[in-house]
Amino acid sequence: MRFSESVSASSHDGVLVVTIDNPPVNALSAHVRAGLVAALDHAAGAADIVGIVVTGTGRTFIGGADIKEFGKPPVEPILPDVIERIERFEKPVVSAVNGAALGGGCEVALACHGRIAGEGASFGLPEVKLGLVPGAGGTQRLPRLIGPVAAIDLIGTGRAVKSAEAVASGLADAVAADAVAAAIAAVREKAGQPLRRTGALAVPAADEAVVSAAEAKVIGKSRGQTAPAEAIRLVKAAGKLGLEQGLAEERATFLRLRDSRESTALRHVFFAERAAGKVDALDGIQPRRIETIGVVGTGLMGSGIAVSALTAGYRVVALEQSVEAAESGRARIAGLLDKAVQSKRLTPEMRDACLARLETTAEAKNLATADLVIEAVFDDLAVKTELFHRLDGIVAPQAILATNTSYLDPDTIAAATADPSRVVGLHFFSPANIMRLVEVVDCTQTAPDVLASALAFVKRLGKLAIVCGVTEGFVGNRIFSAYRREAEFMVEDGALPQEIDAAMEAYGFPMGFFAVSDMAGLDIAWARRKRQAATRNPAERYVEIADRLCEAGRLGRKTGLGWYVYPNGEKTVDPAVTALIEAARAAKGTVPRAFTAGEIMERLLNAMAGEGRALLAEGIAARASDIDLVMINGYGFPAHKGGPMFAAGLIS
């Protein structure tokens, strides 16, 4: 029988199995909500129905709200009413959670009188990632099942838990290979018995110190975002308020946050990620088959790329200059895989499988089997062009060559090959096995199927691909250079590095510009400035303070001295740097002035947005939202501020 376009049911000896089929993620669209209510109405009036099982098709139970309904007037029945109807239903309702139960889907499961998890099930309330709190009972029902400490962790971070953890915490009752069959059995067992209604349970007592520690941990990672703190407040209120009052407070908070600038910014980021990597010109273009990845260079970047490819299931051939370097490279890659095991991102078996697919070699001819070769060698034009010219005679004609350069012209590198159409840019961010962002550079002669192949490869790595055109520094480093200049202008004008860093951290950046520069090493940008010196416009303002630091051997954390000093590894303001800055101001006759944190951020944001506008005008970036994603995922721009283009009001 069918209750709506997306909700159907079948009877199994008195148990009504209600199935949601609303691809791709079984979102809680209006027709799903209406279908669930219709199924409840049917079961309530049917004497031969003893209870209900709710499940989904495919790999998702219910993936949350329907994003097409965001920002539109609510359509009845609203989700809180559907969930209340489930919880109060007189006959047992058991969820057979076949896959991901996220957001409203998790809230539906929480309201059921029992929860059976399939082996591939997961549960999560990720609303804080959109600047929201759960709006249909999640903050009130979850702590009643798993206690306030675990609920603060799950709701405050938005992380999802798999079946085993869900059962261990009390969120799910059991794991079953056949969740529907187990749920049917659970309904029959509960039929005619008093039902365990989640909302009627008392919140388990918890030690105040442990609750405070859980709260501090979440707030410490929130970087000034409002929603995690509000979620924690609501979880704690669940232990003090009755269900009805708690639900009313949750709903009011949800509606208030939904209309906030922060949530609008995070929803912008959400939709931006859905649009990222889409290139209209590639419609109908099939990517090439890629099974073996060649990586040239196994330093920090190359080993990170190799690990990313191995954990995505690729075979990897890593080339080094000598047998000893190849052995060191293998050890470095193995070490990164071991760390992934320690952090539980990989199992020992998965690590062993990765190592079995890894070949490290000093013989360039071993790259002949590679379908895609990524160079991660020293960022020097002569080194890279010579390498690509040599690879021409080794790899197959259909193999793709990718450069990981940060600032060099990939078109010049491509021109060193016999077939520039097979060259593409893949600019990974360090550490490549951790960072999500990859700038996919569409070079002047890159063939469409090569670009499509690069995008497919990055997607399989589980990373975020942003397509851009050829320009020095691509999108991210070009904007970084723009606000670096502005930061250095402000230092010369009167702001101190620690004041600029403090303003950025207060805004939501994990680290300020000068602390980041010290971590990356000041010599990289110094070398670039020296390369550009001959062509620099003498009429343009130029700040020499960073050059003076480098000349004094202050190259950042690696030398223990940079914009800051690092006794015992701790960042400390150095009076010697302040004196150097004051001397540079005096040499130019600059009278320093004070800057407020607001002025500092306004100038930095204007520099970012101004460069972003130029990238759009030049066709280097396809969308303003792509620029926001690059800055959020590659440079620490706070996601809850939406990115520099959103913050500047250039995206509604």
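In what order do the eight strands of the open sheet with mixed pairing stand? In this predicted model, where local features need pLDDT of at least 70, side-chain atom pairs count only at pLDDT 80 or more, and totals for chains, interfaces and linings use all residues, the order is E13-E12-E11-E14-E15-E16-E17-E18. Residues are numbered from 1 along each chain as its sequence is written, and side-chain values rest on heavy atoms, with hydrogens and water left out.

Strands (E, at least two residues) and helices (H or I, at least four) are DSSP runs numbered from the N terminus, and two strands are taken to pair if DSSP finds at least two bridges between them. At the edges of the eight-stranded sheet stand E13 and strand E18 (464–468), each of which pairs on one side only. Neighbouring strands of this sheet are turned against each other by 25° on average, direction ignored. Within the sheet, strand E11 (residues 292–296) and strand E12 (residues 315–319) run parallel and are joined by five bridges; Thr292 stands opposite Arg315 in E12. Helix H12 (residues 300–311) packs on the sheet and touches E11, E12, E13, E14 and strand E16 (423–428), where contact denotes heavy atoms within 4.5 Å. The direction of H12 makes about 170° with that of E11; axes are lines fitted to C-alpha atoms, for helices over the stretch in contact, and angles run from 0 to 180 degrees between N-to-C directions.

The loop between strand E13 (358–361) and strand E14 (372–375) contains Ala362. This residue has a relative accessible area of 27% and is therefore partly exposed, the classes being buried under 20%, exposed over 50% and partly exposed in between (1.4 Å probe, protein chains only). Residues up to four places away in sequence not being counted, Ala362 touches Leu319, Glu320, Gln321, Ser322, Val323 and Ala326. The C-alpha atoms of Ala362 and Ala583 are 221 residues apart along the chain and are separated by 50 Å.

A further open sheet comprises four strands in the order E4-E6-E8-E9, again with mixed pairing. Strand E4 (60–62) and strand E9 (160–162) each have a single partner strand, so one side of each is left without a neighbour in the sheet. Strand E6 (residues 100–102) pairs with strand E8 (residues 122–124) in the parallel sense over three bridges, and Gly124 in E8 is the bridge partner of Leu102.

Strand E7 (residues 114–118) is mostly covered, five of its five residues being buried. The burial concerns both faces: Gly114, Ile116 and Gly118 lie on one side, and Arg115 and Ala117 on the other. E7 runs parallel to strand E5 (residues 93–97), to which it is joined by four bridges; the bridge partner of Ser95 is Arg115 in E7. E7 also pairs in the parallel sense with strand E10 (residues 174–176), over three bridges, with Ala117 opposite Val175 in E10.

Turning to the helices, the axes of helix H2 (residues 79–88) and helix H3 (residues 104–111) come within 8 Å and cross at roughly 25°. H2 is therefore roughly parallel to H3, since angles under 35 degrees count as roughly parallel, over 145 as roughly antiparallel, 65 to 115 as roughly perpendicular and the rest as oblique. The crossing of H2 past H3 is right-handed, meaning that the near helix is turned clockwise from the far one by less than a right angle. Leu79, Ile83, Ile86 and Glu87 of H2 and Gly104, Glu107, Val108 and Ala111 of H3 make the contact. By class, this contact has five nonpolar, one polar and two charged residues, with Ala, Val, Leu, Ile, Met, Phe, Trp, Tyr, Cys and Pro counted as nonpolar, Asp, Glu, Lys and Arg as charged, and the others, Gly among them, as polar.

Helix H4 (residues 138–146) has nine of its nine residues buried, so it is largely enclosed by the rest of the structure. Among these buried residues are Gln140, Arg141 and Arg144. Gly147 follows H4 and has a positive phi, near 90°. In helix H18 (residues 476–493) is found Glu486, which counts as buried at 17% relative accessibility. Apart from residues up to four places away in sequence, Glu486 touches Arg603, Leu604 and Ala607.
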